[in-house]
Amino acid sequence: MIDPRLLRDDPDTLREAQRRRGASPDLVDELIAADEQRRHSIAAFEAVRSEQKNLGKLIPKAKGEEKQALLAQTKELSAKVKEAEAAQAEAGQAFDALLRALPNPASTDAPEGGEDDFVVLDTVGTPRDFAAEGFEPRDHLELGRILGAIDTERGAKVSGARFYYLTGAGARLELALTQLAMNTASEWGFTPMIPPALVKPSAMEGTGFLGQAADDVYHLEKDDLYLVGTSEVPLAAYHSDEILDADSLPRRYAGFSPCYRREAGSYGKDTRGIFRVHWFDKVEMFVFTTPEEAAAEHERLLGWERAWLDALELPYRVIDVAAGDLGLSAVRKFDCEAWIPTQERYREVSSASNCTQFQARRLDIRVREGDSVSPLATLNGTLCAMTRTIVALLENGQQADGSVRLPAALHPFIGEVLEPIT
RNA sequence: GGAGAUGUCGCAUAGUGGCCUAGUGCGCCCGCCUGCUAAGCGGGUUGAGGUUCAAACCUCUCGCGGGUUCAAAUCCCGCCAUCUCCGCCA
């Protein structure tokens, strides 16, 4: 959530930010009204409560008729206090609900508009020319079959559509990627983490996933727990309700966890293979830092994502995501998209978001700098989403006989070439 | 899953309805004293919110949420967490 003071100090900026996202500025005005209502009810409650406390102090000292009179007076007051308290709580909750629905105002650096209004920042590497090499590239599912690496038929049999088994070389490839990613992140100064993938509503809500993205989240009704769609959730909530010393920042964590996504509203999209699935594993980078450092850290996260794709020798481009496509929490987002030969286009494999103080306010994570305590900034970025990375590696590294040549960085973990099994 | 115990300020502890505006010790911060250090002395030390130019004042905060009461750290109910024991289990 945003700093509520902005509603009083700079509502025009908030209205403009809503417009840039393609959202309605009316919410801002509803919030201003709700804030006034809330403050009014707080003042009313505090006035009667204060009176009640003062009278209460007199009672033990009073005697006889005087005491009886006081008791009658306070009894009446007690009802008023209860009423005022209830009104205050209600106004507070109404305000809070609205406040949590307001997205983080997009950075003015983010392109205006929706999903298609991104700006390409850079393009790296050259897609292979399979025609020149004299063969038609196979897609990752076909390669997965030849290599004995991916089994979607049995995934569907056991768990349903958009599930898969990684088998043999596929399983080994994920483990190799995981090892390389965790080792690399460690070298960069990240603390490796294996967080819980099942979290309480507060963690899910705090990271902003129960807003417009709620339909995409798996919920276990019986236990009121959520399956995380990314380890961003447990990593962000890791320091919830804590105050961190400024000199302990930045804190950088690399979390490895499964990710569960309902993929509501994506029926018919990417139905072939394992590009879009209900579950995959991922190594995610997460940073707690000061608000002043957030923008610079965002660039660093992008730099690490690029270094990772460079190490995997994949052709990719970097886009600056438009304001309307940022989600609830981010002020700016960079996506890295790897070239997928059989789709003849770039597809998202990683994403780096600057959430400034938005998540920290919801999760109550603060930094102490000298005498002041204030919400810190959180950022997250994909290091390696396994399934999409496997898709990219197989398709880009394939050879005419169906074998796949792997990037040098992976050789120590899995060898140089994946060979067909038959 | 069953039984019991515990949950108070950074830490440790006191507090069984109104002198709690939560005391004390440790730690930490500021100052005094002192060849230096230690000790000693004095002061400060949760966080959030409201009124306000400000100063100041006020409200909330004793695991969380309800309730009883004129009044709750204290009594009652529910939940959560931790510990001990039993059962089950990778």
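Begin with strand β16 (377–385), which gives four residues, the largest share, to the lining of the largest cavity. Strands here (E, at least two residues), like helices (H or I, at least four), are DSSP runs numbered from the N terminus. The model is predicted, so local features need pLDDT of at least 70 and side-chain atom pairs count only at pLDDT 80 or more, while totals for chains, interfaces and linings use all residues. Residues are numbered from 1 along each chain as its sequence is written, chains are lettered from A and ligands numbered from 1 in the order in which they are written, and side-chain values use heavy atoms, with hydrogens and water left out.

**The cavity**

Rolling a probe the size of a water molecule over the atoms shows where empty space is left. On a 1 Å grid over the protein atoms alone, a cavity is a set of points where a 1.4 Å probe fits but cannot get out, whereas a pocket is an open set with protein on both sides within 12 Å along at least five of seven lines, and lining residues have an atom within 4 Å of a point. Grid points are joined across faces, edges and corners, and a volume is the space filled by probe spheres set on the points.

A search of the whole structure finds one cavity of 30 Å³ or more, and about 60 Å³ of space lies in the largest cavity. Select its lining, which includes Glu-305, Trp-308, Val-349, Thr-382 and Cys-384; the elements that give two or more residues to this lining are α11, β13 and β16. By class, the lining has eight nonpolar, three polar and one charged residues, where Ala, Val, Leu, Ile, Met, Phe, Trp, Tyr, Cys and Pro count as nonpolar, Asp, Glu, Lys and Arg as charged, and the others, Gly among them, as polar.

**The second largest pocket**

Where does the second largest pocket lie? Domain 1 (5–101) and domain 2 (115–418) both give residues to its lining, so this pocket lies between them; the domain bounds come from an automatic or database domain assignment. The second largest pocket holds about 430 Å³ of space. Of the 30 residues that line it, select Asn-104, Pro-105, Ser-107, Val-331 and Thr-356, which are the closest to its centre. Helix α2 (11–21) supplies five residues, the largest share of this lining, and the elements supplying at least two residues each are α2, α11 (294–311), β12 (332–340) and α12 (358–363). The lining divides into 14 nonpolar, eight polar and eight charged residues.

**Aromatic rings**

Now show the side chains of Phe, Tyr and Trp, whose rings (for Trp, the six-membered ring) pair if their centres lie within 6.5 Å, with planes under 30 degrees apart counting as stacked, over 60 as edge-to-face and the rest as tilted. A search of the whole structure finds eight aromatic pairs. Select Tyr-164 and Trp-279: their ring centres are 4.5 Å apart and their planes are at 5°, so the pair is stacked. This pair links distant parts of the chain, with Tyr-164 in the loop between α7 (152–158) and β3 (165–166) and Trp-279 in strand β10 (279–289), 115 residues apart.

Is Tyr-164 buried or exposed? With a relative accessible area of 4%, Tyr-164 is buried, whereas Trp-279, at 22%, counts as partly exposed; buried means under 20% relative accessible area, exposed over 50%, and partly exposed in between (1.4 Å probe, protein chains only).

Move on to Trp-188 and Trp-304, a stacked pair with 5.9 Å from centre to centre and 25° between the planes. Trp-188 is in the loop between α8 (169–187) and β4 (191–193), and Trp-304, 116 residues apart from it, is in helix α11. Trp-304 counts as buried at 13% relative accessibility, while Trp-188 counts as partly exposed at 23%. Then select Tyr-238, Tyr-253, Phe-286 and Phe-288, which form one aromatic cluster.

**Backbone details**

Finish at Glu-313, in the loop between α11 and β11 (316–320); although Glu-313 is not a glycine, it has a positive phi of about 60°, and it counts as exposed at 52% relative accessibility.
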